[in-house]
Amino acid sequence: MEEALRVKDKEIHALEVKLIQQEDSSQNLNRLLDQHEKAMATLFELTRLFSGGKGMRELSQPFTELAVNALRCEAAVLAVREGKESHLALSGVVGDRSDTLRNQLFSDSEGILGAVARSGEPLMVPEAKRE
């Protein structure tokens, strides 16, 4: 009788372990589905923006807002160079200083923006206020 109880306890424990594993898998699946849903919403919004026939300047702000939401950032800037000018204009700005920064000109040889302009690669800065 005791042996039968031990066997049943082991079976119950094995079932509990399987249940916990299934719950973890379910949570991971739900997280992946949420990420997929957000990515799809972002793609649909980008499609809507680009199919509207607007120019790059008009798309800069909504594109920057989408990037901030997708990357879960607090702030972002999108700088553009017009022609062969040596300065960059901030055309998309999201964050606590967005109103004061939008449309300002910055040298392409200084600071974080200059480094990004020279490299041609996007850059994520964990704490830009320190940089």
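This is a predicted model: local features need pLDDT of at least 70, side-chain atom pairs count only at pLDDT 80 or more; totals for chains, interfaces and linings use all residues.
Colleague: Which strands does helix α2 (residues 56-71) lie across, and at about what angle does it run to β2?

Modeller: Helix α2 lies across β1 and β2, and its direction makes an angle of about 50 degrees with β2. Helices (H or I, at least four residues) and strands (E, at least two) are DSSP runs, numbered from the N terminus. Axes are lines fitted to C-alpha atoms, for helices over the stretch in contact (heavy atoms within 4.5 Å). Angles run from 0 to 180 degrees between N-to-C directions.

Colleague: In what order do the 3 strands form the open sheet?

Modeller: Strands of a sheet pair through backbone hydrogen bonds, either parallel or antiparallel. Here the order is β1-β2-β3, with antiparallel pairing; two strands count as paired if DSSP finds at least two bridges between them. The edge strands, β1 and β3, each pair on one side only. On average, neighbouring strands of this sheet are turned by 45 degrees against each other, direction ignored. Between β1 and β2 there are 5 bridges, and V77 has V93 in β2 as its bridge partner. These two strands form a hairpin with 6 residues between them, and G83 in the turn has a positive phi of about 65 degrees.

Colleague: Which residues make up the largest nonpolar core?

Modeller: In soluble globular proteins, nonpolar side chains tend to be buried together. A nonpolar core is a set of buried Ala, Val, Leu, Ile, Met, Phe, Trp, Tyr and Cys residues joined through side-chain atoms within 4.5 Å. Buried means under 20% relative accessible area, exposed over 50%, and partly exposed in between (1.4 Å probe, protein chains only). In this model the largest core holds 5 residues: L88, L90, V93, L101 and L113. Strand β2 gives the most to this core, with 3 residues. Not counting residues up to four places away in sequence, L88 touches several residues, among them F106, L113 and A117.

Colleague: How many salt bridges does the count come to?

Modeller: Side chains of opposite charge can pair when their charged atoms come close. The rule asks for a side-chain nitrogen of Lys or Arg within 4 Å of a carboxyl oxygen of Asp or Glu, and the count is 5. One of them joins R81 and D108, at 2.5 Å from N to O. R81 lies in the loop between β1 (76-80) and β2 (87-94) and D108 in the loop between β3 (105-107) and α4 (111-119), so the pair ties together parts 27 residues apart in sequence. D108 is buried at 18%, whereas R81, at 35%, is partly exposed.

Colleague: Which residues do salt bridges that share partners join into one network?

Modeller: The network consists of E2, E3 and R6. R6 meets E3 at 3.4 Å, and E2 pairs with R6, their closest N and O atoms being 3.4 Å apart. E2 and R6 are 4 residues apart in helix α1 (residues 2-50), about one turn of the helix. E2 is exposed at 57%, while R6 is partly exposed at 45%.

Terms used: Residues are numbered from 1 along each chain as its sequence is written. Side-chain values use heavy atoms; hydrogens and water are left out.
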